[in-house]
Amino acid sequence: MGGVIVALPLTSGPVALFLVLEQGPAFAAGASLGSMAGALAQGVFCLGYSALAARGWPLAFAGGTAAFAVIGLVLQRLALPLIPLSLVVAVGLAAAMVAMPRGQEARRLAPPPAWDIPARMVVATTLVLALTAAAAALGPRLSGLLATFPVYAGILAVFGHHHDGVGPATRALRGLLAGLFGFAAFFAVIAALIERVGTAPAFAAALVVTMVLQALALALVREAPAPG
């Protein structure tokens, strides 16, 4: 369930809003396409991490990050329009869900260290400020892609892996995968509507669609029996 929750656009959503305000709707629409590509790159991050998880979290995180970068750059180079990109992302995420191991729940819940929440706040704020400041130089799609790097999911997986082992980390990333459909839909709606109906209606519609899909993902995760 934690993985599903961190799949919400907690950093990339604010980045998209700031890009609208600073660069205009057309730039934000292009950045949303980059963020859609980032949803699939996050899915591949999950697969890369799980494939190397038995070798320890540092190598697993590095492998997941490399997989994110490769897929993100390939999609960045292809620069697919909205409808083809939506199909590629949906099919890719579905394939990743099939390939992703189920993992196991933690036998005990290890309390996070006292600096955990402040560190996440600092990282998220730094990411938003850095990306919006560099947006003009990076371009819309690359700005949107970089905004989707799985900061929260990576922290969740690494802490679970370090404290409780491979199974809980894998299960958290599987939850992230389930939530990425709603994440991608958020940016698909923005890309489709931001220039037609304006900022507030586009973000409102995107939020509604995302919350519906996230609720479905949470229901599926809660109903799926944990192995072991």
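**Confidence**

In which helix is confidence lowest, and in which is it highest? Helix H1 (residues 2-6) is lowest, at a mean of 67, and helix H5 (residues 82-99) is highest, at 94. These values are pLDDT, the predictor's confidence in each residue, from 0 to 100. The chain averages 82, and 82% of the residues score at least 70. Where pLDDT is low, the predicted coordinates should not be read in detail.

This is a predicted model: local features need pLDDT of at least 70, side-chain atom pairs count only at pLDDT 80 or more, and totals for chains, interfaces and linings use all residues. Residues are numbered from 1 along each chain as its sequence is written, and side-chain values use heavy atoms, leaving out hydrogens and water.

**Helix H9**

Helices are DSSP runs (H or I, at least four residues), numbered from the N terminus. H9 covers residues 166-197, and its end C-alpha atoms are 45 Å apart. H9 bends by about 35° at Gly179. Of its 32 residues, 25 are buried, so H9 is largely enclosed by the rest of the structure. Buried means under 20% relative accessible area, exposed over 50%, partly exposed in between (1.4 Å probe, protein chains only). Gly198 follows H9, with a positive phi near 100°.

**Aromatic pairs**

The structure holds eight aromatic pairs. Rings of Phe, Tyr and Trp (its six-membered ring) pair if their centres lie within 6.5 Å; planes under 30 degrees apart count as stacked, over 60 as edge-to-face and the rest as tilted. Phe45 and Phe61 pair edge-to-face, at 5.9 Å and 80°. Phe45 is buried at 0%; Phe61 is partly exposed at 26%.

Notes. Helices (H or I, at least four residues) and strands (E, at least two) are DSSP runs, numbered from the N terminus. The expected span of a helix is 1.5 Å times one less than its number of residues. The bend at a residue is the angle between axes fitted to the seven residues ending there and the seven starting there.
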